[in-house]
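Hi everyone, thanks for coming. Let me put the structure up, and then I'll walk you through a few spots.

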Amino acid sequence: MHVQEWLDTVPAAAVYAVVGLVIGLESLGIPLPGEIILVSAALLSSQHGGINPVVLGACATAGAVIGDSIGYAIGRRGGRPLLAWLGAKFPRHFSEGHIATAERSFEKWGMWAVFFGRFVALLRIFAGPLAGVLHMPYWKFLTANILGGIVWAGGTTAVIYYVGVVAEAWLKRFSWLGLVLAVLIGVASMLIIKRKAKQAQGASREAEAETVAAAE
């Protein structure tokens with residue numbers, strides 16, 4: 001079952017909770033499809049009156065900020081052994097090459113790596129734990145974390161929501177156009193058939209008249 005179809009089967013409160021939880025766990029450092037869940041829920045909110053996009057964006061933002069903060073605390077306490085453990089558990093995401101790339105990004109960009117990391121799947125998973133491992137000052141991390149969470153979660157929700165509303169309006173318009181076109185085609189077909197039938201009927205009468213005249 002598609003993510004959006006599954007979300008459509010649960011209450012609105014559960015959708016908010018699932019979005020916040022999945023994004024929070026992803027931000028904490030667990031590889032989960034946070035962005036897919038958010039996009040699916042935002043698109044659903046454009047078609048489902050019971051799901052408020054503002055509440056959805058707030059839940060997504062809260063999950064992102066809280067998850068990153070927990071990840072930061074775990075990374076600060078766990079240090080390098082934590083990255084080694086994550087590499088053993090999730091080699092596809094926490095390989096030595098991925099960790100080295102993320103470290104270079106943090107060393108070069110600092111707070112900006114946390115902020116823009118929100119928009120990159122790999123850095124979104126790394127941001128919290130790695131910032132803690134590298135002992136980034138928490139106030140810097142928190143500032144970038146909150147701003148990145150608001151822009152990413154709130155912005156994604158808003159964009160997908162309005163795109164969904166516009167797309168639905170266009171689809172409705174096209175459906176009306178299709179209906180009107182179908183009616184016009186049907187009417188035109190009926191008129192053509194009637195005209196052909198009259199022509200055929202007239203030709204038949206003329207043929208009968210000629211036959212009668214020849215017989216006389």
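Let's start with what Ser 45 touches: Ile 51, Pro 53, Leu 56 and Tyr 161, leaving out residues up to four places away in sequence. Contact here means heavy atoms within 4.5 Å. A word on the source: this is a predicted model, where local features need pLDDT of at least 70, side-chain atom pairs count only at pLDDT 80 or more, and totals for chains, interfaces and linings use all residues. Residues are numbered from 1 along each chain as its sequence is written, and side-chain values use heavy atoms, with hydrogens and water left out.

Back to our serine. Ser 45 sits in helix H3, residues 34-45; helices are DSSP runs of H or I with at least four residues, strands are runs of E with at least two, and both are numbered from the N terminus. Is Ser 45 buried or exposed? Ser 45 is buried, because its relative accessible area is 5% (buried is under 20%, exposed over 50%, partly exposed in between, with a 1.4 Å probe and protein chains only). A polar atom of the Ser 45 side chain also lies 2.6 Å from the backbone oxygen of Ala 42.

Now for the rings. Searching the whole structure gives 8 aromatic pairs. Rings of Phe, Tyr and Trp (its six-membered ring) pair if their centres lie within 6.5 Å; planes under 30 degrees apart are stacked, over 60 edge-to-face, and the rest tilted. One of the pairs is Tyr 72 with Tyr 138: the centres are 5.2 Å apart and the planes are at 50 degrees, so this pair is tilted. The pair links distant parts of the chain, with Tyr 72 in helix H4 (residues 53-89) and Tyr 138 in helix H8 (residues 138-215), 66 residues apart. Tyr 72 is buried at 5% relative accessible area, while Tyr 138 is partly exposed at 36%.

And what about Phe 115 and Phe 116? Their ring centres lie 5.0 Å apart with planes at 90 degrees, so that pair is edge-to-face. Phe 115 is buried, with a relative accessible area of 14%, whereas Phe 116 is partly exposed at 47%. Both Phe residues belong to one aromatic cluster, together with Trp 112 and Phe 119.

Finally, let's zoom out. The protein chain has 8 helices and 0 strands. Of its 216 residues, 35% are buried. And among contacts with a separation of 6 or more, 78% come from residues 24 or more positions apart.

Definitions and conventions
A polar contact is a pair of N or O atoms within 3.5 Å; within protein, one must be able to donate a hydrogen and the other to accept it, and residues adjacent in sequence count only if both atoms are side-chain atoms.
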